[in-house]
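Reader: I have a structure to look over. Walk me through its pockets and its charged pairs, please.

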Amino acid sequence: MVLLVNQGKASENQRLFNNAVIRVQHLHQLAAKMINDFEDSLLPEERRQLSKIFPLSFCNSDYIEAPTGKDETQKSSMLKLLRISFRLIESWEFPSQTLSGTVSNSLTVGSPNQITEKLADLKMGISVLIKGCLDGQPNMDDNDSLPLPFEDFYLTMGENNLRESFRLLACFKKDMHKVETYLRVANCRRSLDSNCTL
């Protein structure tokens, strides 16, 4: 009987992981489409200027402690990757509402409300996965209760500024890529696959 309960729990956890990966893949693809559509709407000179800006810019999420490369990501525990993913998603709860100012009405990429809802669903799913990893143990992560750094960072950006719009979209894409990577590695770890390469 215990074996059946454990198998059921493992199956449910796998389903939750699969859903989380699918959801973040969708958000990453959406972010890529938004930035491509935005770039396509620019004049060639504007595009050249923006290509020089982003590598020098920073994102709100740069202040969230996270693995800095493939090796560090692969060495991180499943729980750590889930917690970082949770914080990255959480950091976009408010800024996702400003994406409306960066996407013209003619672009068909989904409304900012849909993006905000998708982020909220993903955050809830990751929260359940974290609780499953803790398996009844107390959550000892002090960072969960800390306010997000510069929570209103993106909200202070002017909606009509080309650079700021591009930066917002580029940061959203970058962060969704990070979360997708972290969830893929965490899911692979769950499967006890020794070859969780990126």
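Reader: Which residues lie nearest the centre of the second largest pocket?
Author: This is a predicted model. Eleven residues line the second largest pocket. Nearest its centre are Thr-73, His-177, Lys-178, Thr-181 and Tyr-182.

Reader: Which element gives the largest share of the lining of the second largest pocket?
Author: Two elements give two or more residues to this lining: helix H3 (70-75) and helix H6 (162-190). Five lining residues make up the largest share. They come from H6.

Reader: Now the charges. How many salt bridges does a search of the whole structure find?
Author: Side chains of opposite charge can pair when their charged atoms come close. Here the cut-off is a side-chain nitrogen of Lys or Arg within 4 Å of a carboxyl oxygen of Asp or Glu. Searching the whole structure gives a total of eight.

Reader: Is Asp-37 buried or exposed?
Author: Asp-37 forms a salt bridge with Lys-33, with the closest N and O atoms 2.8 Å apart. Both lie in helix H1 (residues 2-40), four residues apart, or about one turn. Lys-33 is partly exposed, at 36% relative accessible area. Asp-37 has 15% relative accessibility, and under 20% means buried, so Asp-37 is buried.

Reader: Why are Glu-45 and Arg-48 separated by about one helical turn?
Author: Glu-45 and Arg-48 form a salt bridge, and their closest N and O atoms are 2.8 Å apart. Glu-45 is partly exposed at 41% relative accessibility, and Arg-48 is partly exposed at 46%. They are about one turn apart because both sit in helix H2 (residues 44-53), at a spacing of three residues.

Reader: Which residues are linked with Arg-87 in a network of salt bridges?
Author: Start with the pair Arg-87 and Glu-90, whose closest N and O atoms are 3.5 Å apart. Both lie in helix H4 (residues 78-90), three residues apart. The network links Arg-87 with Glu-90, Glu-93 and Lys-123.

Note on methods: Residues are numbered from 1 along each chain as its sequence is written. This is a predicted model: local features need pLDDT of at least 70, side-chain atom pairs count only at pLDDT 80 or more; totals for chains, interfaces and linings use all residues. Side-chain values use heavy atoms; hydrogens and water are left out. Buried means under 20% relative accessible area, exposed over 50%, partly exposed in between (1.4 Å probe, protein chains only). On a 1 Å grid over the protein atoms alone, a cavity is a set of points where a 1.4 Å probe fits but cannot get out, and a pocket is an open set with protein on both sides within 12 Å along at least five of seven lines; lining residues have an atom within 4 Å of a point.
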